[in-house]
Structure formats: structure tokens, C-alpha cells
Amino acid sequence: LSQRRGWGRPHYRMVRTQGPNHSKSFRVEVVVHGEVVGNGTGLRKAEAESNAAQEGLRKLGSTTS
């Protein structure tokens, strides 16, 4: 969606890791066109990124351009 709108690829930024090595949780932001459009958490980095992307899609899908 961000590429189709000419904003380039989304960038994922690790905000926080928490917990012991065997049971970490991750918090990630997704940045599109210089703006944080979603946050996600998960027990794996990929899960946190996916959750952030879903939130970002909801936010970007509700805006028009």
C-alpha cells in the first residue's frame, strides 16, 4: 500500500525487547513516509512486525491520498 502511494517501502524499528532470553517479548514500530503508522508486540520479531503492519494498514487504509 505504501509503495503504491509512492511512499516507498515500510521500515520496521525495534522499540523494546523484554524478558529473559528463553521468553522474550518484542515491540516494533512500522514507519511509512517518515511517520510511525503502527505498533506491534509479539513473542517473535516476525510476529511483532506482522502485528505492527496490520495496525499500519488499518491506519493507512482509513486515510485518503
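1. Basis of the values. This is a predicted model, in which local features need pLDDT of at least 70 and side-chain atom pairs count only at pLDDT 80 or more, while totals for chains, interfaces and linings use all residues. Residues are numbered from 1 along each chain as its sequence is written, and side-chain values use heavy atoms, with hydrogens and water left out.

2. Salt bridges overall. A search of the whole structure returns two salt bridges, the term meaning a side-chain nitrogen of Lys or Arg within 4 Å of a carboxyl oxygen of Asp or Glu.

3. Glu29 and Arg13. These side chains form a salt bridge with an N to O distance of 2.8 Å. Because Glu29 lies in strand β2 (residues 25-32) and Arg13 in strand β1 (residues 11-18), the pair ties together parts that are 16 residues apart in sequence; strands (E, at least two residues) and helices (H or I, at least four) are DSSP runs, numbered from the N terminus. Glu29 counts as buried at 17% relative accessibility, whereas Arg13, at 37%, is partly exposed; buried means under 20% relative accessible area, exposed over 50%, and partly exposed in between, with a 1.4 Å probe and protein chains only.

4. Glu35 and Lys59. In this salt bridge the closest N and O atoms are 3.1 Å apart. The pair links distant parts of the chain, with Glu35 in strand β3 (residues 35-42) and Lys59 in helix α1 (residues 45-61), 24 residues apart. Both partners count as partly exposed, Glu35 at 42% relative accessibility and Lys59 at 36%.

5. Surroundings of Glu29. Leaving aside residues up to four places away in sequence, Glu29 touches His11, Tyr12, Arg13, Val15, Val36, Gly38 and Asn39, where contact means heavy atoms within 4.5 Å. Strand β2 itself is mostly covered, six of its eight residues being buried.

6. Strand pairing. Strands β1 and β2 run antiparallel and are joined by seven bridges, and β2 and β3 also pair in the antiparallel sense over seven bridges; two strands pair if DSSP finds at least two bridges between them. Glu29 is the bridge partner of Arg13 in β2, and Glu29 stands opposite Asn39 in β3.

7. Hairpins. The hairpin of β1 and β2 has six residues between the strands, and Gly19 there takes a positive phi near 100°. In the hairpin of β2 and β3, with two residues between the strands, His33 takes a positive phi near 55°.
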